[in-house]
Amino acid sequence: AGAFDRAVARLRDDRTQRLSSTDWYALQDVTMSDAMTAYRQDLRDLPAGLTTADDVIAVSWPVRP
């Protein structure tokens with residue numbers, strides 16, 4: 001795999017860990033704030049729009065509320 005594919009794989013692994021750390025907010029008995037909903041959606045939207053390995057490496061992660 002090329003540099004871009006490797007960078008995207010690392011980004012997806014990191015993104016999955018960040019999403020996993022907030023999964024408990026999605027439980028039925030927990031009310032998720034709009035900010036947390038937006039944060040989780042921003043994470044799920046990655047790596048959309050990234051076209052080069054440099055773009056992936058320089059990604060600006062959303063800030064957890």
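## Overall layout

In what order do the elements of the protein chain run from the N terminus on? They run α-α-α. This is a predicted model. The protein chain holds 3 helices and 0 strands.

The C-alpha trace spans about 45 × 15 × 15 Å along its principal axes. The protein chain has 65 residues, and 26% of them are buried. Take the contacts between residues at least 6 apart in sequence: 64% of these join residues at least 24 apart.

## Confidence

The protein chain has an average pLDDT of 92. A score of at least 70 is reached by 98% of the residues. Among the elements, α1 has the highest confidence, at a mean of 96. Confidence is lowest in α2, with a mean of 94.

Some caution applies to any predicted model.

## How α1 and α2 pack

Helix α1 covers residues 3-20, and helix α2 covers residues 34-45. The two pack at an angle of about 160 degrees. Their axes lie 10 Å apart. Angles over 145 degrees count as roughly antiparallel, and α1 and α2 are therefore roughly antiparallel to each other. Their crossing is left-handed.

Which residues make the contact? From α1 come Arg15, Arg18 and Leu19. From α2 come Tyr39, Arg40, Leu43 and Arg44. By type, the residues of this contact divide into 4 charged, 3 nonpolar and no polar.

Methods
Residues numbered from 1 in each chain as written. Predicted model: local features only at pLDDT ≥ 70, side-chain atom pairs only at ≥ 80, totals over all residues. Heavy atoms only, no water. Axes fitted to C-alpha atoms, helices over the stretch in contact; angles between N-to-C directions. Helix = DSSP H or I, 4+ residues; strand = E, 2+ residues; numbered from the N terminus. Parallel < 35°, antiparallel > 145°, perpendicular 65-115°, else oblique. Left-handed = near helix turned anticlockwise from the far one by under 90°. Contact = heavy atoms within 4.5 Å. Nonpolar A, V, L, I, M, F, W, Y, C, P; charged D, E, K, R; others polar. pLDDT = per-residue confidence, 0-100. Buried < 20%, exposed > 50% of the residue type's maximum accessible area, 1.4 Å probe, protein only.
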